[in-house]
Amino acid sequence: MSKVKRLITVFTLLIAFFSFNTRAFAQVDSLAAADSTSAHGEHAAQAGHGAEEKKFNIGQFALHHVADSHTWHVIGDTYIGLPVILYTSAGIVTFNSSEFKHDDDARVVVEKDGQRFVKMHEKIYYASETANEHGQYVALDESHHAQNERPLDFSITKNVCTLLLSVVIMLWVFLSVAKAYKTRKGKSPKGLQSWLEPIILFVRDDIAKPNLGHKYERFMPYLLTVFFFIWFNNMLGLVPFLPGGANLTGNIAVTMILAIATFLLTIFNGNKYYWKHIFLPDVPKWMYVVMVPVEVVGIFTKPIALMIRLFANITAGHILVLSLVCLVFVFNSLYIAPVSIAFAVFIGAIELLVAFIQAFIFTILSALFIGMAIEEHH
């Protein structure tokens, strides 16, 4: 146990250390640059406006970090450009996101196939013919949101790359384990097989069997896939350097697809007793007016709860760690660093546990909902 504790401590220290990347300073520089380009009016108002803009925006930095991106940050000013695939009125347009030169304020225009594009807040828009007073090739509303039209974006973003990477890792891991079971039939597990077998048995004995009964084998492939997919990507999200750092399981679109999969398995495997309980519950008929709508709504609230729970917990953990690390820049003092790092390391250690717990909760609730649908009448 002492070795495990030391490993957790070292890993969380690495998380805290690598969280101090130059993107924090890059944001301060970009704010300063934006201030210099938008300086208008009297000198006193100009100085006050500049002082306000130069303050480190911890909320903007944290939300930018957990959001999806068209580039993959490596270290310092080194980025990996990812493929941009746009469906426009003139057909499909492709190019590398590095052509935006890491601009995210709609100041760099990319011309492809007779069309002009800019990127603002990780969204790609059709560029305006002329720049506005801030040097941006978009029209802004009162809330400083871009009003330009957008092409359909099918780009290979950082989250998509992480998704494909996790699929490759899972295929390699489980094909290797399956091969080991065939070649070492009747022998004790060895290597990677010995690491994963206790977890597989945990999913079978503590999640599938108690909730699904004798029909558990039918749903084991789905439960194992969901559990390891969420767990692997939760752990990848805690790695602050390539190939980690993406907030895949904190993306509500990903958690929505996982929840829809559980929802479809539930309704398509529901037996007659399940549907009878919803539309003809064992209550006086005059209560059907209340009970039937409640039960129907419950069909949809269960997957919605699955979707929001995973998304909110993972995203909140990333934002909390980032916020604690960024306290150094907020107070603009190194004296706050020991306190900031101590809390960030503590939360980082908890995140290692949360990564497993959230995979467990999503899987056991999925098994519970499916089990309710296939339960035999007694």
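Which residues do ring pairs link into a cluster?

Analyst: Happy to. This is a predicted model, where local features need pLDDT of at least 70 and side-chain atom pairs count only at pLDDT 80 or more, while totals for chains, interfaces and linings use all residues. Residues are numbered from 1 along each chain as its sequence is written, and side-chain values use heavy atoms, leaving out hydrogens and water.

The cluster joined by ring pairs consists of Phe174, Phe202, Phe227, Phe228, Trp231, Phe232, Phe356 and Phe360. Rings of Phe, Tyr and Trp (its six-membered ring) pair if their centres lie within 6.5 Å; planes under 30 degrees apart are stacked, over 60 edge-to-face, and the rest tilted. The structure holds 16 aromatic pairs. One of them is the edge-to-face pair of Phe227 and Phe228, with 5.3 Å from centre to centre and 85° between the planes. Phe227 and Phe228 are both buried (under 20% relative accessible area, with exposed over 50% and partly exposed in between, using a 1.4 Å probe and protein chains only).

Phe227 also pairs with Phe356: the ring centres are 5.5 Å apart and the planes stand at 85°, so this pair is edge-to-face. Because Phe227 belongs to helix H7 (residues 216-238) and Phe356 to helix H12 (residues 337-374), the pair ties together parts that are 129 residues apart in sequence. Helices here are DSSP runs of H or I with at least four residues, strands are runs of E with at least two, and both are numbered from the N terminus. Phe227 counts as buried because its relative accessibility is 0%, whereas Phe356, at 27%, counts as partly exposed.

H12 has another neighbour to look at. The axes of helix H6 (residues 192-212) and H12 come within 8 Å and cross at roughly 30°, which makes H6 roughly parallel to H12. (Axes are lines fitted to C-alpha atoms, for helices over the stretch in contact, with angles from 0 to 180 degrees between N-to-C directions; under 35 degrees is roughly parallel, over 145 roughly antiparallel, 65 to 115 roughly perpendicular, and the rest oblique.) The crossing of H6 past H12 is right-handed, meaning the near helix is turned clockwise from the far one by less than a right angle, with anticlockwise being left-handed.

Pro243 sits in the loop between H7 and helix H8 (252-269), and the peptide bond that joins Leu242 to Pro243 is cis, with omega about 10°.

Arg150 lies over the face of Tyr125, 5.7 Å from the ring centre; a charge sits over a ring if NZ of Lys or CZ of Arg is within 6 Å of the centre and within 35 degrees of the ring normal.

For the backbone elsewhere, two residues stand out. Lys101, in the loop between strand E4 (91-96) and E5, has a positive phi of about 55° although it is not a glycine. Lys101 is exposed, with a relative accessible area of 65%. His144, likewise not a glycine, has a positive phi of about 65° and lies in the loop between E7 and strand E8 (152-153). His144 is partly exposed because its relative accessible area is 49%.
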